[in-house]
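Colleague: Can you take me through this model? I'd like to start with the pocket, then the core and the confidence.

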Amino acid sequence: MTKKEIVLKSAKEVFGELGYSGTTFKKIADRAGVAVGLLSHHYGNKEKLFREAGFDVTERLSIALRDEVLQAENGCDAVYRFARRYLEFSIDKDEDFLMLIRCSPFSDLKTGADRDAMVHKFAQIPVLLDNCVARGVQDGSLPNVSVAETSSVILCNLVGAVRTKLLTPYSPPNLYEAALTFLMRSLKNA
């Protein structure tokens, strides 16, 4: 790994552990084993480093989800694969998903341009889910449901499951399996 890659990985870890406000260039530099000046040189300020780290995690998630749903036999299978991969990604230590949970890219970015760019990047995920649900409605593997509403409810359930598992002390050990079962049973009975 290059020093820049080490800094980015360290930033994702520290943002995930301490949140945006608790993270400083010094804490990231200490984790990466580099001088603070190197962070300034490569990223300028904390907000730019946060943006870069958030883009990286979000892009990796988007690619993982796209790759997974491409293997689906039908729309219902695509929704299941999307949901399962989303949950798996959230607990993969190498993906640093916790950064996205602890640091809301919608509230932590102060400048309009960075916020708009992050929102645009995040928008790819619900659009992919919309496409999976629409495919299921079209191929008959899902009932005739509102695509936008159904996708939104699925994503809200996934986000809730992830937040419960990663941020609370009362997550049951089989939460993700139960969430997947509930989502798929709900879709089939809609």
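Modeller: Terms to begin with: Ala, Val, Leu, Ile, Met, Phe, Trp, Tyr, Cys and Pro count as nonpolar, Asp, Glu, Lys and Arg as charged, and the others, Gly among them, as polar. A pocket, on a 1 Å grid over the protein atoms alone, is an open set of points where a 1.4 Å probe fits, with protein on both sides within 12 Å along at least five of seven lines; lining residues have an atom within 4 Å of a point. This is a predicted model, where local features need pLDDT of at least 70 and side-chain atom pairs count only at pLDDT 80 or more, while totals for chains, interfaces and linings use all residues. Residues are numbered from 1 along each chain as its sequence is written, and side-chain values use heavy atoms, without hydrogens and water.

Colleague: What is the make-up of the lining of the second largest pocket?

Modeller: The lining has 7 charged, 5 nonpolar and 2 polar residues. Asp92, Lys93, Asp96, Phe97 and Leu98 lie nearest the pocket's centre.

Colleague: Which helix gives the most to that lining?

Modeller: α1 does, with 5 residues. Helices here are DSSP runs (H or I, at least four residues), numbered from the N terminus.

Colleague: Back to Asp96. Buried or exposed?

Modeller: Asp96 counts as buried because its relative accessibility is 9%; buried means under 20% relative accessible area, exposed over 50%, partly exposed in between (1.4 Å probe, protein chains only). Asp96 sits in the loop between α5 and α6 and has a positive phi of about 55° without being a glycine. Most residues other than glycine have a negative phi.

Colleague: What does Asp96 touch, leaving out residues up to four places away in sequence?

Modeller: Lys9, Lys12, Glu13 and Val57, where contact means heavy atoms within 4.5 Å.

Colleague: New topic. Which residues have the most contacts inside the largest nonpolar core?

Modeller: Phe15, Leu49, Phe82, Tyr86 and Leu158, in a core of 57 residues. Helix α4 (residues 46-69) gives the most to this core, with 9 residues. Such a core is a set of buried Ala, Val, Leu, Ile, Met, Phe, Trp, Tyr and Cys residues joined through side-chain atoms within 4.5 Å.

Colleague: Where is confidence lowest?

Modeller: In helix α7 (residues 105-108), at a mean pLDDT of 52; pLDDT is the predictor's confidence in each residue, from 0 to 100.

Conventions. Helices (H or I, at least four residues) and strands (E, at least two) are DSSP runs, numbered from the N terminus.
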